[in-house]
Amino acid sequence: MARLTSGYDVRMRAPLAALVLACTPVLAGCAAAGRPDVDSVVTHFYDAYDRRDGATACSLLAPAARQEVERASGVSCSRGLLREHLPRAGNVSRTTVSGDQAQVHLGGDTAFVAKFPGGWKVVAVGCSPKPGRPYDCEVEAG
Amino acid sequence: MRSFVRDNSLSLFFGLIFLAALVGQSLTGMAEFNQQQLADSMATVSYAQYLTSSDFAVDVAENWQSEYLQFLLYILATVWLVQRGSVESKKPEETGTESDKDQQVGAYAPADAPRSAWSGGFRTAVFSSSLGLVMGAIFFASWLAQSLAGVASYNQQQLTQREDPVSWLSYVVTPEFWNRTLQNWQSEFLAVGSMAVFSVYLRQRGSPESKPVGAPHAATGVEG
């Protein structure tokens with residue numbers, strides 16, 4: 001299932017010029033460069049989940065999230081993940097990247113993504129907002 | 001070379017310890033940041049990554065803005081306010097911007113005065129306030145940098161905790177932003193205020209920041 005990528009939220013990108021004073025000129029650059037990768041990993045994750053390809057979906061999870069799926073299900077991540085009832089994600093509607101953390105809003109779900117040495121990985125999916133509190137997520141790093 | 005070092009030893013000394021402290025801050029800051037990353041099951045960062053991170057930027061900028069604000073306020077407040085007996089204060093009868101003669105401006109400028117002191121007009125007016133203007137500009141730029149780096153750092157933390165990020169306008173009214181700001185301001189105001197009072201009664205022999213050891217406590221604006 002193909003998903004469109006649109007509506008990047010760029011409010012979090014600190015303008016580069018203002019940070020020259022503080023000798024930290026690269027605040028915004030790295031994060032901005034990561035947005036397509038963030039969307040891509042989330043899109044691929046849901047594509048794999050929808051195809052019931054647990055192995056591929058698990059390979060896109062952060063290590064701690066993978067371990068949490070295994071711990072909670074008592075079976076391998078690829079099998080345990082498919083026991084989870086994730087909502088139908090839909091298209092990407094808004095992506096926010098801040099440093100090595102990102103949030104992706106989709107039509108039917110919200111995902112959190114973080115950057116690791118091997119690239120961006122999904123740290124939480126199936127997340128529902130709770131006013132004034134952290135999102136409640138079906139799958140997340142413990 | 002030796003003469004240059006001696007003539008500029010104060011600036012060189014503070015420049016060097018500034019750099020040493022900044023390096024120390026960056027190394028310890030990276031260690032603390034990486035400890036938190038590991039606690040959050042996130043990837044650690046390299047030294048280069050930390051140097052260009054919003055976490056390092058906000059920590060640097062919040063201290064810079066408060067230091068420059070401290071000196072800006074002191075430069076401006078001491079034009080009008082006095083502390084009788086303090087070496088940091090003018091005499092009570094000298095408050096205000098003083099006369100052109102006292103300030104050696106325009107026709108009263110000595111032969112070796114900076115051109116901007118005797119040229120008159122806008123140039124002299126700007127030069128007459130240039131110290132405050134530059135200190136104020138650095139303060140506001142640092143405070144802006146603190147807010148910009150701060151919102152990026154804050155949002156990174158928000159996302160790590162699975163919470164929504166906020167806009168810059170929302171961030172600058174958060175307790176986080178004002179707590180970072182005010183905890184620095186209060187310490188600067190205390191330090192500069194107490195120094196003004198301490199210099200009435202205490203002495204540091206040889207320091208221009210102190211009155212001469214034998215000067216009476218009531219003597220105001222007398223450098224040692």
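Trainee: Of the 142 residues of chain A, what percentage count as buried?

Mentor: A residue is called buried if 20 or more other C-beta atoms lie within 10 Å of its own, exposed if 12 or fewer, and partly exposed in between, with the C-beta atoms placed from the backbone. By that rule, 46% of the 142 residues of chain A count as buried. Keep in mind that this is a predicted model, in which local features need pLDDT of at least 70 and side-chain atom pairs count only at pLDDT 80 or more, while totals for chains, interfaces and linings use all residues. Residues are numbered from 1 along each chain as its sequence is written, and chains are lettered from A and ligands numbered from 1 in the order in which they are written.

Trainee: How many helices and strands are there in chain A?

Mentor: Helices (H or I, at least four residues) and strands (E, at least two) are DSSP runs, numbered from the N terminus. Chain A has 6 helices and 5 strands, and along the sequence they follow the pattern α-α-α-α-α-α-β-β-β-β-β.

Trainee: Which strands of chain A pair with strand 4 of chain A?

Mentor: Two strands pair if DSSP finds at least two bridges between them. Strand 3 (residues 110-116) of chain A pairs with strand 4 (residues 119-130) of chain A in the antiparallel sense over 5 bridges, and A:A124 is the bridge partner of A:F112. A hairpin with 2 residues links strand 3 of chain A to strand 4 of chain A. Strand 4 of chain A is also joined by 5 bridges to strand 5 (residues 133-140) of chain A, again antiparallel, with A:C127 opposite A:C137. The hairpin of strand 4 and strand 5 of chain A has 2 residues between the strands, and A:G132 in its turn has a positive phi of about 75 degrees.

Trainee: Is strand 1 of chain A largely enclosed or open, and why?

Mentor: In a regular strand the side chains alternate between the two faces of the sheet. In strand 1 (residues 92-98) of chain A, 5 of the 7 residues are buried, so this strand is largely enclosed by the rest of the structure. Strand 1 of chain A runs antiparallel to strand 2 (residues 101-106) of chain A, and 6 bridges join them; A:R94 has A:H105 as its bridge partner. Their hairpin has 2 residues between the strands, and A:G99 takes a positive phi near 65 degrees there.

Trainee: How many residues of chain B are in contact with chain A?

Mentor: Two residues are in contact if their C-beta atoms, placed from the backbone, lie within 7 Å. Here 30 residues of chain B are in contact with 31 residues of chain A. On the chain B side, the elements that give two or more residues are helix 4 (54-80) and helix 8 (130-160) of chain B, and helix 8 of chain B supplies the largest share, 12 residues.

Trainee: At what angle do helix 4 and helix 8 of chain B pack?

Mentor: Axes are lines fitted to C-alpha atoms, for helices over the stretch in contact, and angles run from 0 to 180 degrees between N-to-C directions. Helix 4 and helix 8 of chain B pack at about 155 degrees, with their axes 7 Å apart. They are therefore roughly antiparallel to each other (angles under 35 degrees count as roughly parallel, over 145 as roughly antiparallel, 65 to 115 as roughly perpendicular and the rest as oblique).
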